[in-house]
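Please look at the model below.

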Amino acid sequence: MTIALAATKKETVQVGSLKVQMLKGGKGSPLLVLHREFGSPGWIQCLEELAAKHTIYLPSHPGFDSSDLPQWARSVRDLACLHLWLLDELKLSNIDVLGLGFGGWIAAEMATMNHKAFRKMALAAPMGVQPKEGEIYDQFLVGPLEYIQTCFHDKTKCNQQWGSQPTVDQLEIWEINREMTTRVAWKPYMFDQSLPHLLPGVKTPSLIVWGKEDKIVPASCGKQYQQLLPNARLETIAGAGHCVEYEKPSELAKLVGDFLA
Amino acid sequence: MHLMYFTEQPFGSYPRAEAEKFGYSTTLFSNKHFDANEASRLYNERLEEYLYAEEVGVDGIMLNEHHNAPYCMQAKINIFASILAAMTKRVKLVLLGNPLPLSDNPVRLAEEIGMIDLVSKGRLVSGIVRGSGGEQLATNTNPAFNRERFEEAHDLLIKAWTQPGPWRWEGNHYQLRVVNQWVLPYQKPHPRIWVPGIFSTETVVWSAEHRYPYIALNTTLDATKAIWKIYDDAAARVGYTAGPEQRGYLIRCHVQDNEEKAHQGGKQFMWMQGEFLGKSHPYWTMPSGYGSPTTRKQRLGAKKAVAPPYEQQLETLQIIAGTPDQVVKKLRVIMEQTRPSILALWANDGGVSHKDSMNCIRLLGQEVMPALRDIGKGLGLKSPFEVNSPVSLAYTPKDQLKPVPASA
């Protein structure tokens with residue numbers, strides 16, 4: 001469930017010509033959280049638990065939710081560049097990051113461009129590398145609800161979050177986010193052929209987390225990330241699909257919290 | 001009037017029960033159900049029908065293309081147009097049209113179209129389209145850049161036809177460093193360009209702003225009138241008065257010697273509508289990014305479109321079926337109310353047999369079209385060829401343009 005907390009606040013950050021919307025909350029060392037391609041999760045339980053020891057920065061990627069659209073952007077690397085710029089505007093460096101799925105791909109790209117951007121990097125089932133076995137599920141062959149339901153091992157948990165018949169307002173946000181995802185990740189679909197060659201330069205201590213029942217990004221990608229990043233360990237969470245943060249919020253918060261401690 | 005014959009070239013005999021079972025008949029419906037013998041027969045029958053259409057007097061043969069679906073077997077209109085360029089003598093070959101965004105090299109397209117125009121000795125109309133949603137998936141073309149690619153490919157195509165090379169093109173979506181193709185069209189300054197569509201305001205305005213005829217694809221009478229209002233206003237803004245020569249219309253119209261037989265064939269159009277509406281997946285028809293952001297919310301809130309029953313479509317003139325006299329009477333209403341000078345008769349589809357298709361074509365050519373020409377004459381509906389209208393706004397003499405500000 002999304003939790004409304006007085007301690008969180010919405011901020012607008014100017015990144016070049018773009019206004020980026022951001023949710024901020026918690027107390028402690030900064031933790032950048034990069035959301036999935038269907039949009040910012042808001043203040044969910046997993047983040048609430050992490051916020052006990054971290055100040056969480058949860059920006060909506062440029063072009064997603066209500067952040068301004070960079071008409072020119074063509075790649076996830078472009079988004080990663082903008083997020084590095086955002087960190088600069090926030091005067092944050094050498095901080096921790098949690099990247100969720102598509103957001104994990106953005107985090108990895110950021111790390112390849114600035115090896116000092118992150119102190120520690122936690123990636124939950126990131127896209128970004130071409131699977132050696134299997135294929136990344138093609139969300140553009142189904143509607144947004146069917147895709148998001150497929151991101152869950154337990155569909156009822158998905159329906160608890162958004163209902164089985166989402167509102168037109170929710171559909172519109174998903175559609176805006178799908179449009180932006182289309183702009184940057186259509187072809188090749190959800191991976192970058194040069195990323196595997198750049199990851200070995202990232203010495204940042206990294207935690208790769210995979211839901212055991214992930215039907216979106218093959219588990220082989222987890223192993224690839226672990227092998228490509230020189231300082232990474234891979235953990236699996238049972239009973240979770242792609243959306244680990246929704247399905248096993250405490251387990252993910254604990255794994256990430258312990259790793260960042 | 002410019003009167004055309006059209007068929008979507010369906011694979012009418014595909015196993016429909018399999019599609020029912022699968023839930024869809026496009027995009028992901030497996031091509032394991034394809035039958036080469038049947039397809040070969042169909043292609044050859046279509047060729048025979050087109051040649052017969054020329055023989056019985058149609059002015060033009062309209063061709064279109066789609067991908068990954070049995071409802072339209074033309075995978076590349078330039079191929080059928082090439083064949084017809086060599087096999088026909090008189091008819092215009094009207095491509096409606098080449099899906100520009102799907103091409104990664106519009107100069108290659110300029111060459112192909114140029115060759116067809118040369119072989120046909122200038123009988124080509126080179127229509128252009130964005131390609132439907134399913135086409136983006138079939139060719140892995142990014143739907144979010146569809147309109148940008150359409151407009152840039154168009155600019156490149158026109159330049160390749162009209163500006164002597166060599167030169168280079170460093171655009172947003174296309175980069176070609178040596179443009180100097182040694183195939184240029186027969187027609188000067190370039191083949192006519194027509195733009196078909198089902199009513200995207202942006203495309204209607206874009207067509208008007210280029211002075212390209214817009215071909216409304218079986219839109220309702222009210223929608224067609226709304227299209228012409230938008231078109232005429234945009235034309236006035238850029239300085240010319242739009243007339244029937246800029247107006248085209250495609251209508252489903254099946255004709256036979258007797259009513260019963262005509263409705264038998266007319267009902268085959270319902271199968272086509274099933275393909276488009278009943279069995280299409282909304283995100284295959286309209287992938288994210290393909291539609292205009294201005295209509296996003298309205299689209300998401302809309303109920304899934306379902307084709308009205310056959311009888312209702314006969315009443316609203318969405319489908320016309322009958323004997324020659326009956327269909328002429330109904331087509332007259334459309335011509336009077338919407339004043340197109342370009343009329344495409346979408347005559348045979350679904351499972352209409354070759355024999356019935358040939359009879360339909362005979363009646364169209366020998367009885368329906370002569371009557372329509374008389375009606376068109378009475379209504380002053382002169383085609384772009386009859387009035388020799390400029391091929392585009394860019395080729396309209398400047399002193400003939402008198403732009404009217406939008407607020408006027």
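**Reading strands and contacts**

Q: Which residue stands opposite B:Ile128 in E4(B)?
A: Helices (H or I, at least four residues) and strands (E, at least two) are DSSP runs, numbered from the N terminus, and two strands pair if DSSP finds at least two bridges between them. Here B:Asn98 stands opposite B:Ile128. This is a predicted model, in which local features need pLDDT of at least 70 and side-chain atom pairs count only at pLDDT 80 or more, while totals for chains, interfaces and linings use all residues. Residues are numbered from 1 along each chain as its sequence is written, and chains are lettered from A, with ligands numbered from 1, in the order in which they are written.

Q: How many bridges join strand E3 of chain B to E4(B)?
A: Five bridges join E3(B) (residues 92-99) to E4(B), and the two run parallel.

Q: Is strand E4 of chain B mostly covered or uncovered?
A: A residue is buried if 20 or more other C-beta atoms, placed from the backbone, lie within 10 Å of its own, exposed if 12 or fewer, and partly exposed in between. In E4(B), residues 124-129, six of six residues are buried. One side holds B:Leu124, B:Ser126 and B:Ile128, and the other B:Val125, B:Gly127 and B:Val129.

Q: How many residues does each chain give to the contact?
A: Two residues are in contact if their C-beta atoms, placed from the backbone, lie within 7 Å. Chain A gives 14 residues and chain B gives 14 residues.

Q: In what order do the eight strands of the chain A sheet lie?
A: The order in this open sheet is E1-E2-E4-E3-E5-E6-E7-E8, with mixed pairing. Its edge strands are E1 (9-15) and E8 (232-237) of chain A, each pairing on one side only.
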